[in-house]
Amino acid sequence: MSLDLKQILPYVMHANKIGIEILGTEGTAVLSRLNYSDAISVGKGKGIIANGAVSTLLDTALGMAVFQKVGELRGMATLDLRVDFLRASTPFSPINARSECIRLTREVAFVQGEAWCEDPAQPVARASAAFSISDQNVGSMG
């Protein structure tokens with residue numbers, strides 16, 4: 001079964017609020033983006049996206065990678081989320097993310113991802129997480 005992650009994202013309220021987009025998929029990996037806006041910036045006029053917004057991008061991207069791997073909507077809760085900030089983002093630049101589920105058990109999904117501005121080889125942040133997943137399909141969003 002294949003999910004359209006772009007149809008799911010509007011129901012993720014915090015992601016929708018700050019403007020996270022799903023760009024597409026590469027196999028089981030999910031590509032997403034957070035565009036710069038004053039509402040998520042720190043330091044008036046500096047054009048830097050706040051670390052909290054980057055964390056939200058990665059948390060959302062990692063969750064979407066679980067849906068992509070499982071192939072259906074399931075109840076899910078974050079058990080663990082680690083975000084390492086490696087460098088400041090490029091001023092006024094969007095931040096891209098790539099996330100992938102690296103191991104799936106019956107009840108837990110392990111995922112990892114990176115966020116970058118222009119060059120994926122120069123990540124702004126890296127993240128890893130574990131999500132508890134239910135064994136029941138919770139329906140469709142479409």
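Trainee: Which elements have the lowest and highest mean pLDDT?
Mentor: Helix α1 (residues 5-8) has the lowest, at 86, and strand β7 (residues 108-116) the highest, at 98. pLDDT is the predictor's confidence in each residue, from 0 to 100. Helices (H or I, at least four residues) and strands (E, at least two) are DSSP runs, numbered from the N terminus.
Trainee: And what's the mean pLDDT of the chain?
Mentor: The mean is 92, and 96% of the residues reach 70 or more. This is a predicted model, where local features need pLDDT of at least 70, side-chain atom pairs count only at pLDDT 80 or more, and totals for chains, interfaces and linings use all residues. Residues are numbered from 1 along each chain as its sequence is written, and side-chain values use heavy atoms, with hydrogens and water left out.
Trainee: OK, the sheet. What's the strand order?
Mentor: It goes β1-β2-β6-β7-β8-β5, an open sheet of 6 strands with antiparallel pairing. Two strands pair if DSSP finds at least two bridges between them.
Trainee: Which are the edge strands?
Mentor: β1 (20-26) and β5 (74-85), each pairing on one side only. From one strand to the next, the twist averages 25°.
Trainee: What packs on the sheet?
Mentor: Helix α3 (residues 51-70) does, touching β1, β2 (29-34), β5, β6, β7 and β8 (123-137). Contact means heavy atoms within 4.5 Å. The direction of α3 makes about 45° with that of β6; axes are lines fitted to C-alpha atoms, for helices over the stretch in contact, and angles run from 0 to 180 degrees between N-to-C directions.
Trainee: How many bridges join β5 to β8?
Mentor: 10, running antiparallel. Met76 stands opposite Ile133 in β8 there.
Trainee: And how do β7 and β8 connect?
Mentor: Through a hairpin of 6 residues. The two strands pair over 9 bridges, with Gly113 opposite Ala127 in β8.
Trainee: Switching topic: how many disulfides turn up?
Mentor: A search of the whole structure finds 0, counting a disulfide as a pair of cysteine sulfur atoms within 2.5 Å.
Trainee: Is Cys101 buried or exposed?
Mentor: Buried, because its relative accessible area is 4%, and the class means under 20%, with exposed over 50% and partly exposed in between (1.4 Å probe, protein chains only). Cys117 counts as buried too, at 8%.
Trainee: Last one: what does Ile18 touch?
Mentor: Leaving aside neighbours within four places in sequence, Ile18 contacts Leu34, Ile40, Ala53 and Thr56. Ile18 lies in helix α2 (residues 13-18).
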